[in-house]
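Here is a short walk through one protein structure. Keep the sequence and the 3D view side by side as you read.

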Amino acid sequence: MLEKFTKSLAFIGIDTSNMNYSMCDKNIYKFEDEKIDKQWRSFFAFYRDGLRQGRIDTLNEIAADAMRKLNEV
């Protein structure tokens, strides 16, 4: 995940020379550089939201498939 994050920073032109971080319970990482930390929080929020929505979509598909199979019986 950090590799993808670093690539996205380079793509938008943010200096990645100081990628020092410490572990953080809430956001996994806390970066020393304020700009990088702000970008990380945004990146991680979208990642977490996408993961959550992907699970919801998968569960909805499973439920819809189960209902179709029950209606066939």
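A residue is called buried under 20% relative accessible area, exposed over 50%, and partly exposed in between (1.4 Å probe, protein chains only). This is a predicted model, in which local features need pLDDT of at least 70, side-chain atom pairs count only at pLDDT 80 or more, and totals for chains, interfaces and linings use all residues. Residues are numbered from 1 along each chain as its sequence is written, and side-chain values use heavy atoms, with hydrogens and water left out.

Start with the charged pairs. A salt bridge puts a side-chain nitrogen of Lys or Arg within 4 Å of a carboxyl oxygen of Asp or Glu. The count by this rule is five. One of them joins Glu 3 to Lys 7, with the closest N and O atoms 3.5 Å apart. Both residues sit in helix 1 (residues 2–11), and being four residues apart there, they are separated by about one helical turn. Helices are DSSP runs (H or I, at least four residues), as are strands (E, at least two), and both are numbered from the N terminus. Glu 3 is exposed at 57% relative accessibility. Lys 7 is exposed too, at 54%.

Now move to helix 2 (residues 34–72), which holds both Asp 37 and Arg 41, four residues apart, about one turn of the helix. Their side chains meet in a salt bridge, 3.1 Å from N to O. How exposed is each partner? Asp 37 is buried, with a relative accessible area of 6%. Arg 41 is partly exposed, at 40%. Contact here means heavy atoms within 4.5 Å. Leaving aside neighbours within four places in sequence, Asp 37 is in contact with Tyr 29, Lys 30 and Phe 31.

Helix 2 also holds Asp 65 and Lys 69, again four residues apart, about one turn of the helix. They form a salt bridge, and the closest N and O atoms are 3.4 Å apart. Asp 65 is partly exposed at 31% relative accessibility. Elsewhere, salt bridges that share partners join Lys 30, Asp 37 and Arg 41 into one network.

Next comes a loop. Asn 27 is found between strand 1 (21–24) and strand 2 (28–31). Which residues does Asn 27 touch, not counting those up to four places away in sequence? They are Trp 40, Arg 41, Phe 44 and Arg 48. Asn 27 is buried, with a relative accessible area of 7%.

Then look at Ile 28. This residue lies in strand 2. Most residues other than glycine have a negative phi. Ile 28 is partly exposed, with a relative accessible area of 28%.

Turn to the interior. A nonpolar core is a set of buried Ala, Val, Leu, Ile, Met, Phe, Trp, Tyr and Cys residues joined through side-chain atoms within 4.5 Å. The largest one has eight residues: Phe 5, Leu 9, Met 19, Tyr 29, Phe 31, Ile 36, Trp 40 and Phe 44. Helix 1, strand 2 and helix 2 each give two or more residues to this core. Helix 2 supplies the largest share, three residues. In soluble globular proteins, nonpolar side chains tend to be buried together. Phe 44 is in contact with Met 1, Lys 26, Asn 27 and Ile 28, leaving aside neighbours within four places in sequence.

Aromatic rings come next. Rings of Phe, Tyr and Trp (its six-membered ring) pair if their centres lie within 6.5 Å; planes under 30 degrees apart count as stacked, over 60 as edge-to-face, and the rest as tilted. The whole structure has 11 such pairs. Phe 5 and Phe 43 make a tilted pair, 5.2 Å centre to centre with 55° between the planes. This pair links distant parts of the chain, with Phe 5 in helix 1 and Phe 43 in helix 2, 38 residues apart. Phe 5 is buried at 1% relative accessibility, whereas Phe 43 is partly exposed at 24%.

Tyr 29 and Trp 40 form an edge-to-face pair, 5.3 Å centre to centre with 65° between the planes. Tyr 29 lies in strand 2 and Trp 40 in helix 2, so the pair ties together parts 11 residues apart in sequence. Tyr 29 is buried at 16%, and Trp 40 is buried at 0%. Ring pairs link Phe 5, Tyr 21, Tyr 29, Phe 31, Trp 40, Phe 43, Phe 44 and Tyr 47 into a cluster.
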